[in-house]
Amino acid sequence: MIRLNMKKDGKVEVKSFVNKKDLDNYVLDYVGTDENYKNFSDVSNTIWNLNVGTAITVRGLTIAMAGKSRAGDIMLGGK
């Protein structure tokens, strides 16, 4: 599970993704790609592999890794 901060035009939105497939679908539908990436899958892979505290920018949208957890229950409030 990952938690991302997405910033565009001064507005920050927090998004969480339990698995890579969820992120792939979000990137395909809402983020897209630009000249720095081959396709949406390349963007999704880059985001998924970001280290906590690092960011990328795609089409004016800054995407920063806020947190990662192998045990997704912890980020969802589980024990």
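Visitor: What percentage of the 79 residues of the protein count as buried?

Guide: It's 32% of them. To get that label, a residue needs under 20% relative accessible area, while over 50% is exposed and anything in between is partly exposed (1.4 Å probe, protein chains only). Keep in mind that this is a predicted model, where local features need pLDDT of at least 70, side-chain atom pairs count only at pLDDT 80 or more, and totals for chains, interfaces and linings use all residues. Numbering runs from 1 along each chain as its sequence is written, and side-chain values use heavy atoms, with hydrogens and water left out.

Visitor: How many helices and strands are there, and in what order do the elements run?

Guide: The protein has three helices and four strands, running β-β-α-α-β-β-α from the N terminus. Both kinds are DSSP runs numbered from the N terminus: helices are H or I with at least four residues, strands are E with at least two.

Visitor: What makes Asp9 exposed?

Guide: Its relative accessibility is 70%, so Asp9 counts as exposed, the mark being over 50%. Asp9 lies in the loop between strand E1 (2-8) and strand E2 (11-17), and has a positive phi of about 55° although it isn't a glycine. Most residues other than glycine have a negative phi.

Visitor: Why is Arg59 called exposed?

Guide: Arg59 has a relative accessible area of 51%, so the label is exposed. Arg59 is in the loop between strand E3 (55-58) and strand E4 (61-68), and here too phi is positive, about 50°, in a residue that is not a glycine.

Visitor: And why is Val18 labelled partly exposed?

Guide: Val18 comes out at 49% relative accessible area, so partly exposed is the label. Val18 is in the loop between E2 and H1. Leaving aside neighbours within four places in sequence, Val18 is in contact (heavy atoms within 4.5 Å) with Met1 and Trp48.

Visitor: What makes a set of residues a nonpolar core?

Guide: The members must be buried Ala, Val, Leu, Ile, Met, Phe, Trp, Tyr or Cys, joined through side-chain atoms within 4.5 Å. The largest such core here has 17 residues, with Leu4, Val31, Ile47 and Ile63 having the most contacts inside it. E1, helix H1 (20-31), helix H2 (40-48), E3 and E4 each supply at least two residues of this core, and the largest share, four residues, comes from H1. Not counting residues up to four places away in sequence, Ile47 touches Leu4, Leu23, Val27, Ile56, Ile63 and Met65.

Visitor: What makes something a pocket rather than a cavity?

Guide: On a 1 Å grid over the protein atoms alone, a cavity is a set of points where a 1.4 Å probe fits but cannot get out, whereas a pocket is an open set with protein on both sides within 12 Å along at least five of seven lines. The largest pocket has a volume of about 190 Å³; grid points are joined across faces, edges and corners, and the volume is the space filled by probe spheres set on the points.

Visitor: Which classes of residue make up the lining of the largest pocket?

Guide: Seven are nonpolar, none polar and five charged. Lining residues have an atom within 4 Å of a point; nonpolar means Ala, Val, Leu, Ile, Met, Phe, Trp, Tyr, Cys and Pro, charged means Asp, Glu, Lys and Arg, and the others, Gly among them, are polar. The lining includes Met6, Tyr26, Val31 and Arg59.
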